[in-house]
Amino acid sequence: MREEILVIHENETLLVSGPASVRRFEGEVYCLGRKIKDYPVIVRKGRVLPFETPEHASVKLLLGSEASYEFQTENIGCKIWENDVKKYVDNFGKEIKKILILGSIDSGKTTLTSYLSNLATEKKLNVGIIDGDVGQADLTPPAFIGSKIIKEEIFDLRDVVADNIYPIGVINIAGFEKYVIKGIINSLNYVKDSDLIIINTDGYVDNGGIEYKLNLAKEVDPDLIFITSGNNLAKIFAEKFGNKIEVLKQPVGINKSKIIRIARREMQYSRYLVMAEKATANLNEVKIGFLGIKFDGEYSSNIFNSYEEIIIFDSIGKKLGISTKALEKMFVGIEKEGKIKGFGVIDHIYQDKLRIRTSLKPPFETIWLTNIKLTDTGERKIKVSLI
């Protein structure tokens, strides 16, 4: 780790890329709309946080070997949104109780989610956050939708853990849009008593992505929609939702490479596998779930022997087929007492038994499948066939 003290001027934004920590040294320093107190702000690997000041200040940085920083003066930080966002703040929890955030990949949606939450909690409002970005989930591992009621400032959504988890099972949602919409609507029930609900979404806006977001907005029925990028997206939504739309400037300099995005997902998997031990689940005693559906009763599942890694879902016949090869090294969610309380990796399948590495103790009620394998070389996706 190396230490540096940096001066920030009024017209500057300091962008810090982790792993790093940032502590106020002199003056007033803000991050995501909240004043930094006497404890450091942690910037995780693969994350970039903006630090700003109303006049003149300095910060002390501890930088890891892969950390970096830069100063920007245009189109970055929360200042670029301040005028467009703060005009709504007095109505948070009143006329505005539900906010939907839309935009392309790396357009600042997660940063905006934290910023809005901080502005609301500063007014002593309880904020219900729904993390609908299953590909780059922060409140849960990838392939799940998390919801959380926030009462304090946050600088990184990964500093908190979802209280309610809804299983999807895939991280690329093209073709699975209706299941994600169902998951977000289900999650709304958990945070319905919050003063303000903020729904963050994925960056899928190309091809069928806009139609998916239109369907999502119709189902969610938000009071306000923030759009952080995409002229076409903004134009289409303006035609459909009129004065509910606020188009924000897209910040610059926060693009994540494909490698970094994979690394951030793998860090999330690892986070939920700490202290994992071997446990056994009997397939005759647990239910199997996928895409938010429990395959029991009306829906049925079948595990078949095959060297092909594949999951097959027949939505008409309401049947799920999983090859034994697909199950090996699969990342799964584990439900106990009616809630997903842990995660694991299937190490081995033998006859009617699954051996799972997890920090959760059996017995288990439902094993929620994903199309993600965690191998010695990292994340790998399992083919999913919808028929």
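A pocket is an open set of grid points where a 1.4 Å probe fits, with protein on both sides within 12 Å along at least five of seven lines. The model shown in these views is predicted.

**View A. The second largest pocket and its lining.** The second largest pocket holds about 280 Å³ of space. Its lining includes Tyr30, Gly33, Glu52, Thr53 and Pro54, and also Cys78, Lys79, Glu82 and Lys86. Tyr115, Leu119 and Glu122 line this pocket as well. Helix 1 (79–89) and helix 2 each supply at least two of the lining residues. By class, 5 residues of the lining are nonpolar, 2 are polar and 5 are charged.

**View B. The largest pocket and its lining.** About 750 Å³ of space lies in the largest pocket. The lining comprises 36 residues, and those nearest the pocket centre are Ile105, Asp133, Gln136, Gly203 and Arg261. At least two lining residues come from each of helix 2 (109–122), helix 6 (258–271) and strand 28 (378–381). Helix 6 gives the most, with 5 residues. The lining of the largest pocket has 15 charged, 11 polar and 10 nonpolar residues.

**View D. The pairing of strands 21 and 22.** Strand 21 (residues 310–314) and strand 22 (residues 319–323) run antiparallel and are joined by 4 bridges. Phe313 has Leu320 in strand 22 as its bridge partner.

Notes: Residues numbered from 1 in each chain as written. Predicted model: local features only at pLDDT ≥ 70, side-chain atom pairs only at ≥ 80, totals over all residues. Heavy atoms only, no water. Pairing = 2+ DSSP bridges. 1 Å grid on protein atoms, 1.4 Å probe; cavity = no way out; pocket = protein on both sides within 12 Å on 5 of 7 lines; lining within 4 Å. Points joined across faces, edges and corners; volume = space filled by probe spheres on them. Nonpolar A, V, L, I, M, F, W, Y, C, P; charged D, E, K, R; others polar.
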